[in-house]
Amino acid sequence: MNIRVPKQFWHAGALSAKFASRDPRMPSSMPDRVVVDMRECSFVRPAAVLWCAVYPLLALTQGARCELLVPEDMGVAVYLKSTELFRVLQDAGVTVDDRGVQGKADPQLILPMARFRSEEEVENLANLAVESLRRAGLGSANLHPLVSEVFAELALNVVQHSESPIGGFGFIQFYGTQQGRRFVCAVADGGIGIRRSLERNPDLREQVPYDWVAIQLALRERISGTGSATRGIGLYGVAEDMRRAGRQLIIHSGIGMVETTEELESRATRTKGLFPGTLAYASIPT
Amino acid sequence: MGTVKMYEALGKRALITRASAGAIKQALAEASEDEELVLDFSGVEAVTPSFVDEALAVIEDGLGRIRKPPRLIFLHPPTRLSSKFAAVGRARQLDITEAVDGSWIVSSAPERSGG
């Protein structure tokens with residue numbers, strides 16, 4: 001199977017519909033070989049970068065041989081190498097021929113892509129982020145705690161609820177463009193997704209017929225698959241933190257996507273492309 | 001007044017996990033013996049609802065219940081009090097409010113009668 005990503009690759013929802021039913025979490029769904037073809041890609045966003053990690057690694061768990069074809073655009077290739085995407089894939093056994101692509105230390109990459117499986121690892125990454133934010137001195141210093149907290153909460157959610165066979169992935173980046181300056185926290189897993197997680201709670205099972213409904217429900221206070229009265233604050237808290245001017249939270253789980261902005265109501269959509277697990281993307285202007 | 005200096009106790013600038021809060025159980029228990037318990041977050045730059053919730057659970061376990069009149073103070077918290085931390089309090093029938101100096105005051109929520 002050859003998955004050709006769009007030239008402007010924003011997120012998995014933008015992938016061709018013919019891949020939508022190919023869920024790498026399902027053994028029967030995977031061919032012997034999976035190629036993620038990025039050669040014509042000229043622009044890639046953090047949400048798409050994380051899909052490029054999650055999809056091949058899940059396919060590997062199904063026994064598929066996997067390869068990522070590196071963008072011909074050297075700027076995009078260097079960026080992807082700098083995020084550590086290539087290293088993460090190569091370490092796991094995915095073929096990535098990145099010869100001639102020189103990674104560079106990017107001071108705007110606050111936390112390069114990291115893989116985590118435990119809460120202790122998440123805490124270590126959050127502490128690395130704190131140090132890196134302080135060292136880089138980018139953006140408003142009074143937002144640095146928020147950036148670290150948002151990343152940590154999203155990553156804790158992965159560890160506690162995703163049941164991801166490949167663990168979780170995340171990174172933090174600062175963007176300084178003509179459109180403005182912002183921090184982006186992106187976290188993803190290859191787990192059961194929000195809908196199935198909430199279905200673990202008998203009280204919620206009948207309330208989550210679709211992925212997008214489940215995501216919206218998960219953003220409410222004290223909603224979690226555990227049913228515990230003191231749990232279910234993390235994702236709610238992130239969503240509340242994002243309800244400020246210019247901030248944005250996007251969650252893509254299965255074929256559901258919910259975008260939360262400063263408006264009270266979040267926007268829920270059905271995507272043609274599937275995210276095999278859950279992806280969360282938080283954007284914080286500074 | 002019992003004080004626990006969180007950065008000195010844990011050596012971390014980001015306090016994220018429940019396990020980290022559990023790691024200072026003894027210090028919290030000893031400090032809770034005084035009339036007022038102060039958790040000093042000087043030097044801490046990020047804290048999550050999970051950490052705060054577990055810290056409250058540890059203190060509650062130690063005291064049976066936040067004592068009346070409650071005097072639990074989060075001194076020099078890394079961020080302003082936001083709705084996520086207020087939600088942590090609500091889940092434990094506690095009110096968390098922000099004082100003029102930015103510290104957070106934790107108190108028992110008034111009992112609400114049914115309508």
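Where is A:Pro27 found? A:Pro27 lies in the loop between strand S2 (8–9) and strand S3 (33–37) of chain A. Helices (H or I, at least four residues) and strands (E, at least two) are DSSP runs, numbered from the N terminus. A:Pro27 counts as exposed because it has 10 C-beta neighbours inside 10 Å. By definition, a residue is buried if 20 or more other C-beta atoms lie within 10 Å of its own, exposed if 12 or fewer, and partly exposed in between, with C-beta atoms placed from the backbone. From A:Pro27 to A:Phe9 the separation is 18 residues in sequence and 26 Å in space, C-alpha to C-alpha.

This is a predicted model, in which local features need pLDDT of at least 70 and side-chain atom pairs count only at pLDDT 80 or more, while totals for chains, interfaces and linings use all residues. Residues are numbered from 1 along each chain as its sequence is written, and chains are lettered from A and ligands numbered from 1 in the order in which they are written.

Chain A holds an open sheet of four strands in the order S1-S3-S5-S6, with parallel pairing. Its edge strands, S1 (2–4) and S6 (95–96), each pair on one side only. Two strands pair if DSSP finds at least two bridges between them. Strand S5 (residues 65–69) of chain A runs parallel to S6(A) and is joined to it by two bridges. Within S6(A), A:Val96 stands opposite A:Leu68.

The model scores ipTM 0.88 and pTM 0.92. Chain B has a mean pLDDT (the predictor's confidence in each residue, from 0 to 100) of 85, with 88% of its residues at 70 or more. Confidence in chain B is lowest in helix H3 (residues 25–31), at a mean of 80, and highest in strand S2 (residues 14–15), at 97.
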